[in-house]
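Trainee: I would like to work through this model residue by residue. Please put it up first.

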Amino acid sequence: MTYQEFLVDMEEPIKRITDGINAVGIMTMGLAQVKDPYADGFYAIWNYLVDAEQDLQTQLTACQNAEMD
């Protein structure tokens, strides 16, 4: 498997991760709106996951750029 094939194969799992993070975000906003005591905890998890996803995207972009060099 080439680097490029690997990166293409990663697209679907990354999309599923992104969809899950978005679902947690929507749930967090709903909990905050109804002033649920667990909203802050879910907000912390959501922020952590968003940061991790951004790091993953940065690393994948670096891999793609390295492959092109």
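Predicted model: local features only at pLDDT ≥ 70, side-chain atom pairs only at ≥ 80, totals over all residues.

Mentor: Residues are numbered from 1 along each chain as its sequence is written, and side-chain values use heavy atoms, with hydrogens and water left out.

Trainee: How many salt bridges does the structure hold?

Mentor: A salt bridge here is a side-chain nitrogen of Lys or Arg within 4 Å of a carboxyl oxygen of Asp or Glu. Asp19 and Lys15 meet that, with their closest N and O atoms 3.0 Å apart. The total for the structure is one.

Trainee: Where do Asp19 and Lys15 lie?

Mentor: Helices are DSSP runs of H or I with at least four residues, numbered from the N terminus. Asp19 and Lys15 are four residues apart, about one turn of the helix. Both sit in helix α1.

Trainee: Which side chain of opposite charge is nearest to Glu53?

Mentor: Lys and Arg count as positive, Asp and Glu as negative, while His and the chain ends are not counted. Glu53 is in helix α2. Glu53 is buried yet has no salt bridge. At 10 Å away, the nearest side chain of opposite charge is Lys15.

Trainee: Which residues does Glu53 touch, not counting residues up to four places away in sequence?

Mentor: Contact means heavy atoms within 4.5 Å. With residues up to four places away in sequence set aside, Glu53 touches Thr18 and Ile21.

Trainee: Which residues gather in the patch of negative charge on the surface?

Mentor: Patch members have over 30% relative accessible area and no salt bridge; like charges are joined within 9 Å, and nonpolar side chains (Val, Leu, Ile, Met, Phe, Trp, Tyr) within 5 Å. Glu11, in helix α1, is exposed at 54%. The patch is made of Glu5, Asp9, Glu11 and Glu12.

Trainee: How far apart in space are Tyr3 and Gln64, C-alpha to C-alpha?

Mentor: Tyr3 is in helix α1 and is partly exposed, at 43%. Leaving aside neighbours within four places in sequence, Tyr3 is in contact with Cys63 and Glu67. Tyr3 and Gln64 are 61 residues apart in sequence, and their distance in space is 8.1 Å.

Trainee: And how far apart in space are Met10 and Leu60?

Mentor: Met10 lies in helix α1 and counts as partly exposed, at 23%. In sequence, Met10 and Leu60 are 50 residues apart. C-alpha to C-alpha, the distance is 9.2 Å.

Trainee: What is the distance in space between Met29 and Asp9?

Mentor: Met29 is in helix α1, partly exposed at 48%. Met29 and Asp9 are 20 residues apart in sequence. In space, C-alpha to C-alpha, they are 32 Å apart.

Trainee: What is the phi of Lys35?

Mentor: Lys35 sits in the loop between α1 (3-33) and α2 (39-68). Lys35 is exposed, with a relative accessible area of 73%. Lys35 is not a glycine, yet its phi is positive, at about 60 degrees.

Technical notes:
Helix = DSSP H or I, 4+ residues; strand = E, 2+ residues; numbered from the N terminus. Buried < 20%, exposed > 50% of the residue type's maximum accessible area, 1.4 Å probe, protein only. Areas by Shrake-Rupley, 256 points an atom, 1.4 Å probe, with all protein chains shown as cover. Charge placed at Lys NZ, Arg CZ, Asp CG, Glu CD.
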